[in-house]
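Here is a quick tour for anyone meeting this structure for the first time. Take a look at it, and then we'll walk through a few places together.

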Amino acid sequence: MCNFLWRIATVGAWAALTGVAAPASELDDLVHALASDNETARVEARQLLPRQGAEAVPKLMPLLIHQDQRIWRPAFNVVADIANEVSVPGREGERTMITTSLMALLDAGQPYHIKARALRLLPLAVPEGADLSPITALLDDPELREKARAALLEMGTAEARGALRAALDDAPPEFTCALLDALGELRDEKALPQALERTNHADAHVRAAALRALAWTGNPRYERAARAVCATAGPDTERAATDALLRFADAMAAKGGNWNRAIQLYYDVLEDTEDSTLKSAAIMGLARFGDETVIPPIIEATANAEPRLKTVVVHAFKCLGGRAAAKHMAAAYPRLAPNIQRALLDVFARKHEPLLLPILLDAARDEDADFRRAGLEALGEARQLEGMTVLAEAARSASDDEKELALASAWRLADALRGAANAPAAGSAYLTLYGLARDDAERRRALEGIAACPASEAYDALMAALQEPALVQEAVKAMMAVAETLAASGQSKPALAAYEAIHAVDDSVATTAAIGPRMEALGAAVSGAEMLGLVTTWHVVGPIAWDTDADWAKPLVGEPDIDLGAAYVSRNREVAWQPYKTHSDIGIVDLIPLLGAAEWCFAYAYTEIAVEQDVDAVIRLGSDDGNQVWVNGEVVAENRVDRALAVDQDAVNVRLHAGTNTILLKISQGGGGWCFCVRLTDPSGAALTFDELAVP
Amino acid sequence: MSAVVLLLTAGIAIEPAIHDALVFEKTRIGHATFEAAAAFDVDDDGDIDIVSGGYWYEGPEFKVQHKICDVQQVGDYYDDFSDYPMDVNGDGYLDIVTGGFWGLTLRWRENPKGKPVEWRVHEVAEVGNIERNCFYDIDGDGMVEVFPTTSPVHIFKLARGADGKGLGRFEQFTIAQKGGGGHGIGFGDVNGDGRPDIVFSGGWFEAPENPFAGAWDWHPEFSFGAASVPMLVFDVNEDGRNDVIVGQAHGYGFSWWEQTVSADGARGWVEHVIDADRSQYHELQLADIDNDGAPELIAGKRYRAHCGHDPGADDPLGLYYFEINRSAFVRVTLDYGPPVRASGAGIYLWVSDVDGNGWKDVVAPGKEGLYLFKNMGPPSE
């Protein structure tokens, strides 16, 4: 209904505008609507018209030249949208259609503002190969030539470049400069001879513009002309000419191949100009492209300069890289003003260069407080362990605020060394920080660092830390890492002592499982399995079908009496007992590799162990999935469950008698993983001492 | 009897008068990152082409690339530590003799007569880790022999027919079981007897009359460390005795070692530092870049020579030539800066007149890319 109403409403407006009867197509309707007084219809038309494509543009021309900006502005925006839409490869035909419509607005009879409007839109549409003569003609029009030049620059087509070049012949000096700038911006190679010729122009502004047009090439063949432009510049063009020469040097340096020439150009600018901005630009050119040899000239150029120029040294030194440059910077440093020296400390620190470290160390011990603070800050960034000594000194003996700063810097240094994969240095730094720590939180953080970057010199400190309840968790991790480092370097005795110390404070399964095999490898008297009370030797059989719930209670292999020589047929497959010894750190018996992947079935596992005397014990069992347990032929536990394995999931109190005891497990399998692990402890949780018997 | 004297001389390398410097045009060729390159007419069309590892590029524009073959890649290395043009099979087309550290094998790649098909690769011998092949006319017959820089020290001489054409195979001579291998090899007359000796990092082998059959006497007179491949045997100070120019391939340092002879005839070696503060001078060459009749020393950094683990690995790249004025080395920088824009020297660069303008150009490969530095001669307007 709404659509219908605005159509009717726009008909009158269209008739008033064009004097012809309203057309009927959707495109025409939208064009009518865009020119209507109906605000809603105009908004909708503005949104929908760009979808009509290039065919809409000719119909929008009457609106585009309208006096009322409520009409021409939306038309302008629609044409711009359409032109942008088609400005992709393959749509040159549509661009040509738009170009043709817009070029008509450049007719001699059109007023200035209409031509200007068209010149704003044409760069969006003009394709390669388009006839630009209507625009070219405007380059002779003093009122419109600048807009025409800007349009041609934005187009950048071969024809646009040609038009700009052609205009150079008769252009007055000021416009010649603008044309040369456009051609330079377009990096137009064909314009280079004309630009070179104009480096001899009578007007110094033109000469400078000509050099700007040549500058992008960085071609040494233009060097003589470039120098001549600068040499013949007057007071009002010296800045422009030198700026162009610097652009020329930048391009030459960036292209490569003529490094010495480019660097010499910067030197010459430094020597010839008094303009501090240009000097700064030359210095930064030297810094971006130069090597160590540019440092003395930079220092010389800024020695007696105004303060702002002196600070450029800091930025320049930031750019220069490599050991050779660092060596020259270190040599230049004593001759610099104190404020520059102070600013350079951070720059030097971030170069991570050992040659610059002595400067940072001296600064961190300087008598001047500001300097000293800057030095302490810098050491935190320098990634060199030598800085830690000075930071530690300050953290212990400086004023409170300086202590804080030194400590923060020391943490940054340690973390940076860790980030740089320099583990030995980082570990040493964290050890220092452990000694500097003011509370348990900081000590724990340092221990975490040592754990990540183990340093063997932390051994004694960690032995002590293991005795601190507040630190024991982090100390265990750190000592584990240190012990591993010691073991790897052949220091078996301290490594073993470290593991024993860990076990003394943390006998958890996870920790014991981790250190047990390592201790065993180092010649410990007990094995990892013994430390945990793991049962590692079994006979297993399966899969035995689990078809009904009743199978849980049904003796499927004659249990509780077991015949290890027997075989069973289950789901048309014969299965028999097979011996297995697990070498898992936590005694896991993975049934799938042994018995094959299966679902809805059971496995049985049987073993015999011997204890010296009657004893209360706990069977600590993990299983995937459920389990049933017999000890000496009696069911002692059952857990019908569907789960993944974890160590010690079930605990079963049992009484073992002196001599041989039998253990039989029934492990269910629904799907997925299928495994179990068993360890024997006394009621307090300590590993039980027992012998695993070789079952025939 | 020999003596080694260390003389640290700082600041030998200084910049020349700029206005005399040659003009170069630098161009990136393709996008490959092999570390060896050469320039020769691959397809016999009269234009010099550029070869680098697995590809060759059609001259004179070098925009069109053709695959030569797959080259074993190990991390950011390629098993292609030299690309030397040699008509191995005598068919009139230059083939490529190559080898590398990883493949342990001296190979040649057969030019398919310039056709745009892959080249057949022939294995010559498994000789161990080839730090870089070197090529030198050790027997003075006008044709180079191949030295794969291994231990034992081998010479591979191309078998030729009566017409002088290659027969597609090499004769292998093992001249020493020890010495050689790894870094540092150079060729030249050390003792002034008119025969080319072979210099290694730890000493030099004195050439017998017949290099293939005679005994090479070992003179362990110096220790140059992880030296460049090659080292250059050259009379730097024009005293009539050859000296040795040595870059440090995996560390900082670039020196020339002056050969001295005392009154009692004992030979000594005195180090003169050319550049103490740039690293990974792995590749050196002598060539007359400025057409003044005397050779210049072309050298530069090998980017990521040990995958970023060498001292100075993060320092800027550089490619230079040094004018040698008796004992003074005057550095001219062709390129300098970060690897994103600058070129180093790779492990095997090539110097020859690629564009036929009478001035020798530099083809610089490397992990940072393959670059051609066209020598345009002195500046002209």
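## Before we start

When residues are said to pack against something here, they are in contact, and contact means heavy atoms within 4.5 Å. Keep in mind, too, that this is a predicted model.

## One helix up close: α14(A)

Let's begin with α14 of chain A, which spans residues 223-231. Which of its residues are buried? They are Glu223(A), Ala225(A), Ala226(A) and Val229(A). These residues sit on the same side of α14(A), because they cover an arc of only 165 degrees around the helix axis.

Now turn to the face pointing away from that buried side: there you'll find the exposed residues Arg224(A) and Ala231(A). And what do the buried residues of α14(A) pack against? Their partners, also in chain A, are α12 (192-198), α13 (204-215), α15 and α16.

## Where chain A meets chain B

Next up is the interface. Chain A brings 24 residues to the contact, and chain B brings 28 residues. Together the two chains bury about 2,300 Å², with carbon and sulfur atoms giving 43% of that area.

There's some charge pairing here as well: six salt bridges turn up across the interface of chain A and chain B. One of the salt bridges links Arg278(B) to Glu292(A), with their closest N and O atoms 2.8 Å apart. Looking at polar contacts, you get 13 residue pairs across the interface, counting pairs with both residues at pLDDT 80 or more.

So which helices does chain A use on this side? At least two residues each come from α14 (223-231), α15 (238-255), α16 (259-272), α17 (276-289) and α21 (323-332) of chain A. The top contributor is α16(A), with four residues. Sorted by kind, the residues on the side of chain A that touches chain B are five nonpolar, nine polar and 10 charged.

## A buried aspartate: Asp650(A)

Our last stop is Asp650(A), found in strand β10 of chain A, which runs over residues 650-656. Is Asp650(A) buried or exposed? It counts as buried, because its relative accessibility is 15% and the cut-off for buried is under 20%.

What does Asp650(A) touch? Leaving out residues up to four places away in sequence, the list is Ile619(A), Arg620(A), Leu621(A), Asn627(A), Asn639(A) and Arg643(A). With Asn639(A) there is a side-chain polar contact to Asp650(A), at 3.1 Å.

Note on methods. Residues numbered from 1 in each chain as written. Chains lettered and ligands numbered in written order. Predicted model: local features only at pLDDT ≥ 70, side-chain atom pairs only at ≥ 80, totals over all residues. Heavy atoms only, no water. Buried area = accessible area lost by both parts, 1.4 Å probe. Salt bridge = Lys/Arg side-chain N within 4 Å of Asp/Glu carboxyl O. Polar contact = N/O pair within 3.5 Å; in protein donor to acceptor, adjacent residues only side chain to side chain. Nonpolar A, V, L, I, M, F, W, Y, C, P; charged D, E, K, R; others polar. Buried < 20%, exposed > 50% of the residue type's maximum accessible area, 1.4 Å probe, protein only. Arc of directions from axis to C-beta.
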